[in-house]
Amino acid sequence: MDLLSHQVYIESQRTKQDRQIASSLLRCWKAVGLPDFLQLDNELSFRGSNRYPRSPGLVIRLCLYFGVQPVFIPIREPWRNASIEKFNDTYNKKFFRRQWFASYAMLKRQSKNFQRFHNRHHRYSCLNGKTPLEVIEKAGFKPIKLGSNTKLPVLESIPDGNIILIRFIRSDRILDIFGEKFKVSKSLVYSYVKAVIVTKIHTLQLYLGEELVDTFDYTLTSDLIA
């Protein structure tokens with residue numbers, strides 16, 4: 001979902017394997033355009049491997065390759081994705097649970113019909129009663145789209161870029177970066193911080209608001225771990 005217009009792009013997949021997610025993102029960016037940021041929860045398929053936390057997974061590498069900054073919301077705070085979670089509930093109740101799909105192919109076709117209907121006709125109070133496509137048209141927004149022939153790239157190395165994680169620091173002063181623990185200053189207790197993995201220089205930077213408050217060496221592993 002584009003948070004400015006609430007335009008959605010729907011992809012039906014049989015599993016949550018990282019390659020299927022990456023392929024879906026590629027098709028989304030061909031149709032809707034490249035975002036500056038992609039907000040994600042901490043699902044393992046999005047981030048990589050628990051065993052090798054410093055080897056970013058395929059989804060992260062794909063984002064960095066195309067200049068998109070992945071942003072991971074705080075752990076166990078699903079309300080941070082409120083807009084898309086609300087849409088998922090609408091999709092489930094108004095579409096998925098209301099009909100019988102004779103085949104997986106039918107589900108995929110009908111999901112695209114629901115996508116088109118939503119973007120053209122669903123009116124949001126937060127958009128002053130406008131539909132997603134009306135907001136886009138009024139803004140005169142021209143997205144940068146990937147070419148129709150763009151293939152999923154081979155991503156054996158980690159592209160340069162930033163991986164952003166928003167984290168809440170509790171009384172134990174632990175900063176959790178994909179399961180790896182870092183001890184931070186007492187002054188950050190009960191604060192939300194922004195952790196930025198800068199892949200080019202193998203550094204983890206920690207921000208409180210706009211202020212850089214700490215840095216850690218963060219050597220990344222280039223091997224893509226399945």
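1. A pocket here is an open set of points on a 1 Å grid over the protein atoms alone, with protein on both sides within 12 Å along at least five of seven lines; lining residues have an atom within 4 Å of a point. A volume is the space filled by probe spheres set on the points, which are joined across faces, edges and corners. The largest pocket holds about 1900 Å³ of space. Its lining counts 48 residues, and Met1, Tyr9, Leu25, Leu38 and Ile84 are the closest to its centre.

2. A word on the source: this is a predicted model, where local features need pLDDT of at least 70, side-chain atom pairs count only at pLDDT 80 or more, and totals for chains, interfaces and linings use all residues. Residues are numbered from 1 along each chain as its sequence is written, and side-chain values use heavy atoms, without hydrogens and water.

3. Back to the largest pocket: α1 (18-31) is among the elements giving two or more residues to the lining, and α1 gives the largest share, 7 residues. Helices (H or I, at least four residues) and strands (E, at least two) are DSSP runs, numbered from the N terminus.

4. The second largest pocket, at about 220 Å³, has Arg76, Glu77 and Asp172 among its lining residues. β3 and β4 (174-177) each supply at least two residues there.

5. Now follow β3 into its pairings (at least two DSSP bridges between two strands). β3 (residues 162-169) runs parallel to β2 (residues 69-72) over 2 bridges, and antiparallel to β6 (residues 191-198) over 8 bridges. Ile163 stands opposite Ile197 in β6.

Key. 1 Å grid on protein atoms, 1.4 Å probe; cavity = no way out; pocket = protein on both sides within 12 Å on 5 of 7 lines; lining within 4 Å.
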